[in-house]
Amino acid sequence: MAEQLEFFPVPSPCCGICQADARGYCLGCMRSREERFNWNRFSDAQKRDVIRLCHQRALRHKRGPSAVSDRDPHQPTLF
C-alpha cells in the first residue's frame with residue numbers, strides 16, 4: 001500500500017509539562033524518554049505511531065491503577 005502524501009510536518013505532542021511519572025513517561029505528552037529525545041530523527045510515520053501510543057497511554061493513565069491491576073490476577077500470599 002502506498003503511503004499517503006503529507007503536506008504538513010507532524011507536530012510534537014509536547015505541551016510544556018515536562019515531568020516523568022513512575023514508569024518514565026512524560027506527564028504532559030506521555031512520551032517515553034527515548035521518544036522525546038529522538039523525536040526530530042523520526043520519520044512522519046514513526047511520529048504518528050508515537051502519537052498513537054501516547055494517546056493509548058493517556059487513556060490508560062486516566063483509568064488509573066485499578067485498570068492495570070484488573071489485568072494482573074492477584075495471587076494470595078502463602079504465608
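I take helices (H or I, at least four residues) and strands (E, at least two) as DSSP runs, numbered from the N terminus. The model is predicted, so I read local features only at pLDDT of at least 70 and side-chain atom pairs only at pLDDT 80 or more, while totals for chains, interfaces and linings use all residues. Residues are numbered from 1 along each chain as its sequence is written, and side-chain values use heavy atoms, with hydrogens and water left out.

**Entry on S32.** I looked up S32 and found it in the segment before α1 (33-37). I use buried for under 20% relative accessible area, exposed for over 50% and partly exposed in between (1.4 Å probe, protein chains only). S32 counts as buried because its relative accessibility is 13%. For contact I require heavy atoms within 4.5 Å. Not counting residues up to four places away in sequence, S32 touches G24, Y25 and R57. I also checked S32 against V50: they are 18 residues apart in sequence, and their C-alpha atoms lie 9.3 Å apart.

**Entry on R57.** I placed R57 in helix α2. R57 is at 11% relative accessibility and therefore counts as buried. Leaving aside neighbours within four places in sequence, I list Y25, M30, R31, S32 and E35 as its contacts.

**Entry on α2.** Helix α2 covers residues 44-63, 20 residues in all. From first C-alpha to last I get 29 Å, close to the 28 Å expected at 1.5 Å a residue; the expected span is 1.5 Å times one less than the number of residues. Which residues of α2 are buried? I find K47, V50, C54 and R57. They lie on the same side of α2, because they cover an arc of only 80 degrees around the axis (the arc of the directions from the helix axis to the C-beta atoms). The buried residues of α2 pack against α1. On the face turned away from the buried side I note the exposed residues H55 and R63. G64 follows α2, with a positive phi near 90 degrees.

**Entry on the core.** A nonpolar core is a set of buried Ala, Val, Leu, Ile, Met, Phe, Trp, Tyr and Cys residues joined through side-chain atoms within 4.5 Å. The largest one has six residues: V10, Y25, M30, W39, V50 and C54. Outside four places in sequence, C54 touches C29, M30 and R31.

**Entry on W39.** I call a charge over a ring if NZ of Lys or CZ of Arg is within 6 Å of the ring centre and within 35 degrees of the ring normal. The charged end of R31 sits over the ring of W39, 5.1 Å from its centre.
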